[in-house]
Amino acid sequence: MRNHASAAHPNHNELTGLQLAAWLETCVKEVLSKEPEGAAIEVKRLLRSIREEVLSAEDIPPIKTAIATLPEDLAHSLLRTAFGMYTDTKLNANIRNNILFLAPIIWVVCSEDSKYDIGLKYGSFSVNGEVSRSKLARDFLTLVSGLAYLSQNEIEIEINSSLDLLLSAHNGWNNFQNEPSPARLLQSFIPESGKIPNGVLGKYIETLTTCKIGNGYGVSATAELIYDNLINRWQDVHILKFIRLTSNSQIISRLQFDTCQSQYKKLAKRLINQSINPNAKLALEFINNFPAKNLGKITSDSRFQSILKRENS
């Protein structure tokens, strides 16, 4: 019909009533009334179970195995359906609990595009003032560890807020105990690629470096594991920002403490192998070899200034 009698294509055919009736009969037989086959029927049965059964942790392993074998398009459809059901404000509590079991399993097998699609739907709820659905959508993304798939505007706002919370905890009373929670929140918004909006990139590197080198009393041991995980995602765009922190007053004030000096030099040494930029490597090696007691004055060294100029050329 599309190729030979559609107005979308130039053609010389005239569609008669009998031809239309014949094509309609074909559509009814081959599409509308035909039962789905293979994986499609399994998805249909799974959705019925989600709506009608009471699932427990013991029921999940075989379902997980089946979901892992789904074609990409069906996995995407299942994710969209599960998300749509979960964000229905009138959804039965039992159905919502069933989705809690299955959503992380479905999420893992879906493509990146599918995940970003869900992030955009959350953004749509937010900008349209659908407060209840927006909250449920955020809960869903938190459940599947998918907050990093929000839209760029949402991500920038969330990362900026998380950085404020982390820095406040770091500078506050009992920081070693209070840092892990905001650090985990920040981590939830950072994708494995490490890529974040440019608007918060500088603040991100400064805050993470500040917390990683710690204060005169050391570093929060639990939070440091999270900092290391995030720093492992740094690429040259992040590392070049780190190098520029040698002239940052907040960092310089920390470098009066022996523990901070040691941590800063260790971080620079670690980043040498992580960088692929020759000038960045040179700058990091210079920081690593510079006398620890004088780190706060490294930017006044003409040799280091020469490296920085070369980096900008």
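Select L24 to begin, a residue that is exposed, with a relative accessible area of 52% (buried means under 20% relative accessible area, exposed over 50%, partly exposed in between, with a 1.4 Å probe and protein chains only). L24 lies in helix α2, residues 17-32, where helices are DSSP runs of H or I with at least four residues, numbered from the N terminus.

The model on your screen is predicted, and for this reason local features need pLDDT of at least 70 and side-chain atom pairs count only at pLDDT 80 or more, while totals for chains, interfaces and linings use all residues. Residues are numbered from 1 along each chain as its sequence is written, and side-chain values use heavy atoms, with hydrogens and water left out.

Next, select R45 and E42, which form a salt bridge with their closest N and O atoms 3.5 Å apart (a side-chain nitrogen of Lys or Arg within 4 Å of a carboxyl oxygen of Asp or Glu). Because R45 and E42 are three residues apart in helix α3, residues 39-52, about one helical turn separates them.

Move on to R138 and E158, a salt bridge whose closest N and O atoms are 2.6 Å apart. R138 lies in helix α8 (residues 131-143) and E158 in helix α9, so the pair ties together parts that are 20 residues apart in sequence. R138 counts as partly exposed at 23% relative accessibility, whereas E158 is buried, with a relative accessible area of 15%.

Then select D258 and K293, which form a salt bridge with the closest N and O atoms 2.8 Å apart. This pair links distant parts of the chain, 35 residues apart, with D258 in helix α16 and K293 in the loop between α17 (278-289) and α18 (302-312).

Finally, stay in helix α16 and select C260, which is buried, with a relative accessible area of 0%. If you also select S134, you will find that the C-alpha atoms of C260 and S134 are separated by 42 Å, the two residues being 126 residues apart along the chain.

Technical notes. Helix = DSSP H or I, 4+ residues; strand = E, 2+ residues; numbered from the N terminus.
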